[in-house]
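Thanks for coming. I have one structure to show today, and I will keep it short. Please look at the screen.

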Amino acid sequence: MQKKSNDTAMQDEFDYKNHKVMHTMNAEKRDALFDASMKEFSKGYAAANTDEIVATAGIAKGLLFHYFGSKKGLYQFLLHYALDTVNAEYDKVILESNDFLENIWKVSKLAADLMFHYPVLYGFLARSYFSSDGVEDIPNARPTEKLIQKIFKQSDKSLFRDDIDVEKAQNLILWAMNGYVNSLSAYGSDIEKYQKSYDPIMQEFEEYLNILRKIFYKQI
C-alpha cells in the first residue's frame with residue numbers, strides 16, 4: 001500500500017467538511033466559535049487566548065478541546081477552513097481573456113469583494129500569512145497563487161510594449177494591485193464603512209489599472 005504524502009495526510013486530518021464539529025455542533029454556535037476564534041487568532045497565535053475565545057463564543061472550554069484537542073488543533077483547523085472557503089470562490093473564476101491587466105483586474109476585484117464578505121476570515125488569513133508564530137504543519141495561506149500562475153501562463157505578451165521586459169512589467173503590475181487590495185484591510189471588520197466606500201474604491205482601482213495600461217501596453 002502506497003504511503004500518503006504529508007500534504008495528503010494533512011488534507012485528510014483537517015478536511016473541515018467531514019470534521020465532527022461540522023456535523024454535531026449547532027450551526028449558529030459553530031459560526032460564533034469560528035468567528036470568535038479567528039478574531040482572537042488575528043492577534044497572533046502566541047497572543048491568542050482560548051479563555052477569550054470560549055467566553056466570546058459562549059461555549060464551555062471543555063467543548064472546544066473536545067472538538068479540536070488543543071489550541072494548535074483549533075488554529076490548524078481554522079486555517080484549512082478559511083483557505084477552503086476562499087479557494088472555493090477562486091475556483092469559480094473563468095479567465096476568458098488573454099489580457100494580463102484585464103485578468104489581474106478580475107481577480108483583484110474578487111479579492112476586494114471577498115474581503116467585504118469575509119472581513120474576519122481575511123484578517124485571520126492575513127495575520128497567519130505574515131507570521132505563524134512557530135506553528136508547524138500549516139497550509140500555504142496564499143489562495144490566489146494558482147490563479148495568478150494561470151494568468152501569467154495565458155497572458156498575451158504581444159500586448160506589452162516592445163521596449164520593456166514583459167516579465168518585470170507583469171510583476172510590477174501584480175505588486176501594485178496586491179498593494180492596493182491589501183490597503184483595504186485598513187477597514188478591518190467595519191463592513192458598513194467598507195460598503196459605503198465600495199464604489200469610489202472600485203473607481204480608484206480601475207483608474208490605477210488604466211494608468212498601468214498606458215505605461216506598459218502598446219497604444220493602439
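This is a predicted model: local features need pLDDT of at least 70, side-chain atom pairs count only at pLDDT 80 or more; totals for chains, interfaces and linings use all residues.

The protein chain has 11 helices and 0 strands. Of its 220 residues, 43% are buried. The chain exposes about 12,800 Å², and carbon and sulfur atoms account for 49% of that. Now take the contacts between residues at least 6 apart in sequence: 73% of them join residues at least 24 apart.

Next, the core. In soluble globular proteins, nonpolar side chains tend to be buried together. Here the largest nonpolar core has 66 residues. Those with the most contacts inside it are Leu-33, Phe-34, Phe-41, Phe-68, Tyr-90 and Ile-173. Helix 7 gives this core its largest share, 11 residues.

Let me pick out one of these residues, Leu-33. What does Leu-33 touch, if we leave out residues up to four places away in sequence? The list is Met-25, Ile-53, Ala-57, Ile-59, Leu-64 and Phe-68.

Two names on that list, Ile-53 and Ala-57, take us to helix 4, which runs over residues 50–57. Its buried residues are Thr-50, Ile-53, Val-54 and Ala-57. How are these buried residues placed when seen down the axis of helix 4? They fall within an arc of 90 degrees, so they line one face of the helix. The face turned away from that buried side carries Ala-55 and Thr-56, which are exposed. The cover over the buried residues of helix 4 includes helix 3 (27–41), helix 5 (61–68) and helix 6.

Now the two ends of helix 4. After the helix comes Gly-58, with a positive phi, near 75 degrees.

Last, a loop residue. Asp-91 lies between helix 6 (71–90) and helix 7 (100–117). Is Asp-91 buried or exposed? Its relative accessibility is 64%, and the cut-off for exposed is over 50%, so Asp-91 counts as exposed. Asp-91 is also 56 residues from Leu-147 in sequence, while their C-alpha atoms are 8.4 Å apart in space.

Note on methods:
Residues are numbered from 1 along each chain as its sequence is written. Side-chain values use heavy atoms; hydrogens and water are left out. Helices (H or I, at least four residues) and strands (E, at least two) are DSSP runs, numbered from the N terminus. Buried means under 20% relative accessible area, exposed over 50%, partly exposed in between (1.4 Å probe, protein chains only). A nonpolar core is a set of buried Ala, Val, Leu, Ile, Met, Phe, Trp, Tyr and Cys residues joined through side-chain atoms within 4.5 Å. Contact means heavy atoms within 4.5 Å. The arc is that of the directions from the helix axis to the C-beta atoms. Accessible areas come from the Shrake-Rupley method with a 1.4 Å probe; for residues, only the protein chains shown count as cover.
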